[in-house]
Amino acid sequence: MQPWLTVVGIGEDGYAGLGKAARHALLGAAEVVGGLRQLDLLPRCIRARRTPWPSPFSLAPVLERRGTPICVLASGDPMLFGVGASLARQVPAEELRVIPAPSSYSLAAARLGWPLQDVTLLSVVARPLAALNAHLHDGARLLVLSNDGSSPAAIAALLTERGFSPSRITVLEHLGGERERRIDGIARDWSLGEVAALNLVAVEVLPGEGTRPLPLTTGLPDDAYRHDGQLTKRDVRAVTLARLAPRPGELLWDVGAGCGSIGIEWMRAHPDCRAIAIEANEGRQAHIRHNRDALGVPGLQLVAGQAPAALDGLPEPDAIFIGGGVTEPGVLDTCWNQLKPGGRLIANAVTLQSEATLVAFRERHGGELARISIAQAQPLGGFDTWRAALPITLLDVVKDA
């Protein structure tokens, strides 16, 4: 089948910047769909009907016309945070042709002299700004597609709040067009509340005095979290995450999530990792909301409720962590029944009763038991001695495929 749908990337230079293939597709189309700004870039010689995207946004105007020669206009490279990627999930590859233009990222890298392979590409277009927090490391270079003209000021404020106020910011407006403009500044001194709505923000991340950028490994410092004491401590958390073994695209249930540390570090392991935190306590729910944003994973889903009832209707997980409530009737069995074949269940116990529950569960379903004992050196008179934390019993079991 010949492609009926062509996605054309167009830059700020408009029709004049398009190649022969893109122009030919537009001239032969019965309908052109795009944003008003892109449609206004077309000359009168394009006779096709011009259809703006609906609000709220929907692909329906394109998908409902399958078989009709249609062109979709998109900014820059349609497959990079663009509508081309959305359409490719709905339209078979043999029915779709994509003709990209240089992306805003490519143009920005060229202006700045930044090797694109060494830069982190991000977008806050209809996405939470807090996601940037996961990428704040000394010397990191970020290229961020803005949601609107207020995004640069919001990014500068976030950098300052998180302790990266010396970071260098460059705003690039209308890249590739006649109105292209560059604005340079420092996060702490940023004073422009609004810039052109079409802009990209380049950030060279620099920590302020006393700021400790967070490591990439699991086992973040305990003081990275807001909590009321219900926190899987750093060393135990690192061991637990190693047992959970996050993989791209997998979903974790964090049952009895406390302040959310396990689900948060699961999601920090890879951008495609997903997690659901189940927590009944309202105060701890507030801690989870704060921590997920502060640590750069605003996509962590919070389910307010008590397991096992709160687990009803949730998507099947690839892994489950139970940090509290293993003695609650039905929690372990419900989690085990909902776990995907081949999935991992990790549960931690502190009390004798919860340990006995894990031992009984292991007798039925197999798995490994481990005892984690941590001791820290603390003062005793003029000397130091070891102060042991409560030992943790860890159950690690994989469900048969």
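**Close-up views of a predicted model**

**View 1. R37 and E12 pair up in a salt bridge, their closest N and O atoms sitting 2.6 Å apart.** This is a predicted model, where local features need pLDDT of at least 70, side-chain atom pairs count only at pLDDT 80 or more, and totals for chains, interfaces and linings use all residues. Residues are numbered from 1 along each chain as its sequence is written, and side-chain values use heavy atoms, with hydrogens and water left out. A salt bridge here is a side-chain nitrogen of Lys or Arg within 4 Å of a carboxyl oxygen of Asp or Glu. R37 belongs to helix α2 (residues 36-39) and E12 to the loop between β1 (5-10) and α1 (20-28), so the pair ties together parts 25 residues apart in sequence. Helices (H or I, at least four residues) and strands (E, at least two) are DSSP runs, numbered from the N terminus. E12 is buried at 18% relative accessible area, while R37 is partly exposed at 33%; buried means under 20%, exposed over 50%, and partly exposed in between (1.4 Å probe, protein chains only).

**View 2. D228 and R284 meet through their side chains in another salt bridge (2.9 Å, N to O).** D228 is in the loop between β10 (199-204) and α7, and R284 is in helix α9 (residues 282-294), 56 residues apart. Both count as partly exposed: D228 has 43% relative accessible area and R284 has 21%. The whole structure has 19 salt bridges.

**View 3. Helices α10 (residues 331-338) and α11 (residues 352-365) pack at about 35°, axes 11 Å apart.** Axes are lines fitted to C-alpha atoms, for helices over the stretch in contact, and angles run from 0 to 180 degrees between N-to-C directions. On the α10 side, L332, D333 and W336 meet T357, L358, F361, R364 and H365 of α11 (contact means heavy atoms within 4.5 Å). That contact divides into four nonpolar, two polar and two charged residues, with Ala, Val, Leu, Ile, Met, Phe, Trp, Tyr, Cys and Pro counted as nonpolar, Asp, Glu, Lys and Arg as charged, and the others, Gly among them, as polar.

**View 4. Seven strands make an open, mixed sheet in the order β13-β12-β11-β14-β15-β19-β16.** Strands pair if DSSP finds at least two bridges between them. β13 (301-304) and β16 (368-372) are the edge strands, each with a single partner, so one side of each has no neighbour in the sheet. α10 lies across β11, β14, β15 and β19, at about 170° to β14.
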